[in-house]
Amino acid sequence: QVDVLTDNYPEETSWTLTNTCTGDEVWIKERNEYTDKYTQYTETKCFEPGKYTFEIRDSWGDGICCDYEEGKYEVTYDGEVVASGGEFDDFESETFGRSCDA
C-alpha cells in the first residue's frame, strides 16, 4: 500500500516500485497524476513475495515536506511500514522484502 499526502505542488510528485530481483517496474505513478493539493491518496496493490525498491521523486527537487506545507508518504508491505518520509531533494528510495533467493 502506498499513502501519499500531497504538498502545495502535487503534480511534481511521482514514484515507482521496482522488483529488485527482475529489474521490472511493477507499479508506477507518473508526474501530473496527483492533482489535488494537500490531499491524502491511498493506493493498494498485491504483489508476490520478493524484494522491491520504492523510489519517490519530486521534479522541482525540494521533496514533498517542509518547504511548502507538510506532505509525506508511507509504504506498507506485508502489514509493515517499510518506507516513509517526505523531506528529501530530488528523490528518495528504500529497498525491502525478501531476498531474491527465496
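## Close-up views of a predicted model

**View 1. A hairpin turns at aspartate 78.** In the hairpin made by S6 and S7, two residues sit between the strands, and aspartate 78 takes a positive phi near 55° there. This is a predicted model, so local features need pLDDT of at least 70 and side-chain atom pairs count only at pLDDT 80 or more, while totals for chains, interfaces and linings use all residues. Residues are numbered from 1 along each chain as its sequence is written, and side-chain values use heavy atoms, with hydrogens and water left out. The strand names come from DSSP: helices (H or I, at least four residues) and strands (E, at least two) are DSSP runs, numbered from the N terminus. Aspartate 78 isn't glycine, yet its phi is positive. Is aspartate 78 buried or exposed? With 71% relative accessibility, aspartate 78 counts as exposed; the cut-offs are under 20% relative accessible area for buried, over 50% for exposed, and partly exposed in between (1.4 Å probe, protein chains only).

View 2. Strand S6 (residues 72-77) and strand S7 (residues 80-85) run antiparallel and are joined by five bridges. Two strands pair if DSSP finds at least two bridges between them. To spot one of these bridges, find glutamate 74: its partner in S7 is serine 84.

View 3. S6 and S7 belong to an open sheet of four strands, ordered S4-S1-S6-S7, with antiparallel pairing. Which are the edge strands? They are strand S4 (40-43) and S7, and each pairs on one side only. Neighbouring strands in this sheet are turned by 15° against each other on average, direction ignored; the axes here are lines fitted to C-alpha atoms, for helices over the stretch in contact, and angles run from 0 to 180 degrees between N-to-C directions. At the S4 end of the order, strand S1 (residues 2-5) and S4 run antiparallel, with four bridges joining them. One to look for is leucine 5, whose bridge partner in S4 is glutamine 40.

**View 4. A second sheet has four strands too.** This open sheet runs in the order S3-S2-S5-S8, again with antiparallel pairing. Strand S3 (25-29) and S8 stand at its edges with a single partner strand each, so one side of each has no neighbour in the sheet. The twist averages 10° from one strand to the next. Zoom in on strand S5 (residues 51-58) and S8, and you'll find seven bridges between them, in the antiparallel sense. Lysine 51 has glycine 97 as its bridge partner in S8.

**View 5. Threonine 16 is tucked away.** Look for threonine 16 in strand S2 (residues 13-19). Threonine 16 counts as buried because its relative accessible area is 6%. Who are its neighbours? Leaving out residues up to four places away in sequence, threonine 16 touches Glu25, Trp27, Ile28, Thr53, Phe54, Glu55 and Arg57, where contact means heavy atoms within 4.5 Å.

**View 6. Now for the largest pocket.** The space in the largest pocket comes to about 210 Å³. A pocket, on a 1 Å grid over the protein atoms alone, is an open set of points where a 1.4 Å probe fits, with protein on both sides within 12 Å along at least five of seven lines; lining residues have an atom within 4 Å of a point. S6 gives the most to the lining, with three residues. What kinds of residue line the pocket? Nine are nonpolar, three polar and three charged.

View 7. At 46% relative accessibility, asparagine 32 is partly exposed. Tryptophan 60 is in the loop between S5 and S6 and is exposed, with a relative accessible area of 65%. Serine 99 comes in the segment after strand S8 (91-97). Though serine 99 and glycine 50 are 49 residues apart along the chain, their C-alpha atoms are separated by 6.5 Å.

Note on methods
Grid points are joined across faces, edges and corners, and a volume is the space filled by probe spheres set on the points. Ala, Val, Leu, Ile, Met, Phe, Trp, Tyr, Cys and Pro count as nonpolar, Asp, Glu, Lys and Arg as charged, and the others, Gly among them, as polar.
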